[in-house]
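Good morning, and thank you for making time for this presentation. Please keep the sequence and the model in view while I speak.

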Amino acid sequence: PPMDSFQTNRMVNRYGENNFILLQFHPKLPNSYIRDVLHKGLFVNGEEFQFLGCSSSGLKGRKCYLLKGNVKDVELVLEQCGNFSKIKMVSKRLKRISMLFSVAMKTGVAVPDDKVEVIEDIETPGGNFTDGCGLVGLNLAGKLARGCGAIIE
């Protein structure tokens, strides 16, 4: 099915649906086959696609996103989305990357750059406490909710 039959996310919105394959593995496929595909990538119509990541629900459903390009292209895209290089534990790194694939809706609400303030994460000796959490004002929250079609009272 075309990408628009799936819920979209920030990565697809940012880089365009034509740059991705959403791949779902059949439950009966052996893990060794899946691992081989994810390590080697795929060629579709002469174009290379490499594993980029998956949402946490995608992991459970054996779905993942492949990016059009080679391994270096995947690394470049990930660098543009955050600093994942310091995360050495594979499961933790995958969990952080999975946040990029959280469901997102286009609202049509534009937020001017001068209205955005970046707040640094709170670092503790045990790690990152806030992990990218953010704040939004009541007025903007209302606009976003209306843009999503939510009922506001």
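Let me begin with a definition: helices (H or I, at least four residues) and strands (E, at least two) are DSSP runs, numbered from the N terminus. The model is a predicted one, in which local features need pLDDT of at least 70 and side-chain atom pairs count only at pLDDT 80 or more, while totals for chains, interfaces and linings use all residues. Residues are numbered from 1 along each chain as its sequence is written, and side-chain values use heavy atoms, with hydrogens and water left out.

First, the overall fold. The protein chain has six helices and six strands, and their order along the sequence is α-β-α-β-β-α-β-α-α-β-β-α. Along the principal axes, the C-alpha atoms of the protein chain fill a box of roughly 50 × 45 × 25 Å. Of its 153 residues, 24% count as buried; buried means under 20% relative accessible area, exposed means over 50%, and partly exposed lies in between, with a 1.4 Å probe and protein chains only.

I turn now to the second largest pocket. A pocket is defined on a 1 Å grid over the protein atoms alone, as an open set of points where a 1.4 Å probe fits, with protein on both sides within 12 Å along at least five of seven lines; lining residues have an atom within 4 Å of a point. The space in the second largest pocket is about 770 Å³, a volume being the space filled by probe spheres set on the grid points, which are joined across faces, edges and corners.

Which elements supply at least two residues each of the lining of this pocket? They are helix 2 (31-40), strand 3 (47-53), helix 3 (56-60), strand 4 (63-68), helix 4 (71-81) and helix 5. Helix 2 gives the most, with five residues. There are 23 lining residues, and those nearest the centre of the pocket are Leu38, His39, Phe51, Val90 and Leu94. By class, the lining has 14 nonpolar, four polar and five charged residues. Here Ala, Val, Leu, Ile, Met, Phe, Trp, Tyr, Cys and Pro count as nonpolar, Asp, Glu, Lys and Arg as charged, and the others, Gly among them, as polar.

Next, the charged pairs. The structure holds two salt bridges, each a side-chain nitrogen of Lys or Arg within 4 Å of a carboxyl oxygen of Asp or Glu. One joins Lys40 and Asp36, at 3.4 Å from N to O. Both residues lie in helix 2, four residues apart, about one turn of the helix. Lys40 is exposed, at 57% relative accessible area, whereas Asp36 is partly exposed, at 37%.

The other salt bridge is between Glu47 and Lys68, with 3.6 Å between the closest N and O atoms. Because Glu47 lies in strand 3 and Lys68 in strand 4, this pair ties together parts that are 21 residues apart in sequence. Glu47 is partly exposed, at 36% relative accessible area, and Lys68 is partly exposed, at 28%.

Finally, a word on Gly41. This residue lies in the loop between helix 2 and strand 2 (42-44), and is buried, with a relative accessible area of 14%. Gly41 and Asn70 are 29 residues apart in sequence, and their C-alpha atoms are 8.4 Å apart in space.
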